[in-house]
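Here are a few exercises to work through with the model open beside you. Try each task before you read its solution.

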Amino acid sequence: MNSTKLVVVSGASQGLGLAISESLLKHGYRVLGLSRQHSDGFIELANHYPQQLDWLQCDLADLDKIPQLCRDIVKQFGRPYALVNNAAIGHDGVLATMHDSQIEQVMRLNIQSPIMMTKYLVRPMLLNQLGRVVNISSIIATTGFNGLSVYAASKAALQGFTGSLARELGKANITVNCVAPGFLETQMTEKLEGDKLEKIRRRTPLKSLASPQQAASAVCYLLSLEASAVTGTTITVDAGSTA
């Protein structure tokens, strides 16, 4: 039964992370959301699922605190069944004028933090000889996009990490996969300058953007029993924009 399975979701308070949390709760999982702050949507979700949803405040860009955070998670909530590395940041702008601190911020939160979280939370999964890791990448990792070169680099690194770690952990019955959404209707894409978002929408075969709920469904599949033979791969959810 999923009710005994704990899933840790980073960046859970809004956008795709919130949608993933809601989908997991509907499938009966226990969810521990991690984020820097609450959101109205997360509070509403917690009121609806008081027995299944917990939350810890943390800044995952603070890498030095991740080892203790993971120890606290296991001590307070038990060994996780799965980890969804969703927390990320993107700065829209050309590389030549991007501030060094923004580059460092993107790489720290989008790739170093997921690696550290995975390192410390797969340890209890190894003890269970069972687990799932889902890394949220992006189609931009392979297609590229003007003004998002650093973000693309971080997501491409996450896919490389996924493939090698899948080989490393497979013998312990732990799967490692990516979900690569296209542009979704989230607060992050609202930051895109000008009419970029509308141009993206017009270029997709389905003339729409995928929803966070549709991308969340791919995460739920990868955590399911039906996906137990799926590892080291990337599921794309992009309304056909990379077809």
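**Exercise 1.** What share of the contacts in the chain with a separation of 6 or more comes from residues 24 or more positions apart?

*Solution.* Start with the ground rules: this is a predicted model, where local features need pLDDT of at least 70, side-chain atom pairs count only at pLDDT 80 or more, and totals for chains, interfaces and linings use all residues. Numbering runs from 1 along each chain as its sequence is written, and side-chain values use heavy atoms, with hydrogens and water left out. Now count contacts, meaning heavy atoms within 4.5 Å. Residues 24 or more positions apart supply 70% of those with a separation of 6 or more.

**Exercise 2.** Work out how the radius of gyration of the chain sits against the globule rule.

*Solution.* Take the radius over C-alpha atoms, with the rule being 2.2 Å times the number of residues to the power 0.38. For 243 residues, a compact globule would come out near 18 Å; the chain has 17 Å, so the two agree. As for the box, the C-alpha atoms fill roughly 45 × 35 × 35 Å along the principal axes.

**Exercise 3.** Sort out burial and charge for the chain.

*Solution.* Call a residue buried under 20% relative accessible area, exposed over 50%, and partly exposed in between (1.4 Å probe, protein chains only). On that scale, 50% of the 243 residues are buried. Next, the charges: Lys and Arg are positive, Asp and Glu negative, and His and the chain ends stay out of the count. That gives 22 positive and 19 negative side chains, with the centres of the two sets 8 Å apart, placing each charge at NZ of Lys, CZ of Arg, CG of Asp or CD of Glu.

**Exercise 4.** Where do Gln129 and Asn173 sit?

*Solution.* Gln129 is in the loop between helix H4 (100–128) and strand E5 (131–136). Asn173 is in the loop between helix H6 (149–169) and strand E6 (174–181). Now check phi: Gln129 is not a glycine, yet its phi is positive, about 55 degrees. Asn173, not a glycine either, has a positive phi of about 65 degrees. On accessibility, Gln129 is partly exposed at 43%, and Asn173 is partly exposed at 40%.

Technical notes:
Helix = DSSP H or I, 4+ residues; strand = E, 2+ residues; numbered from the N terminus.
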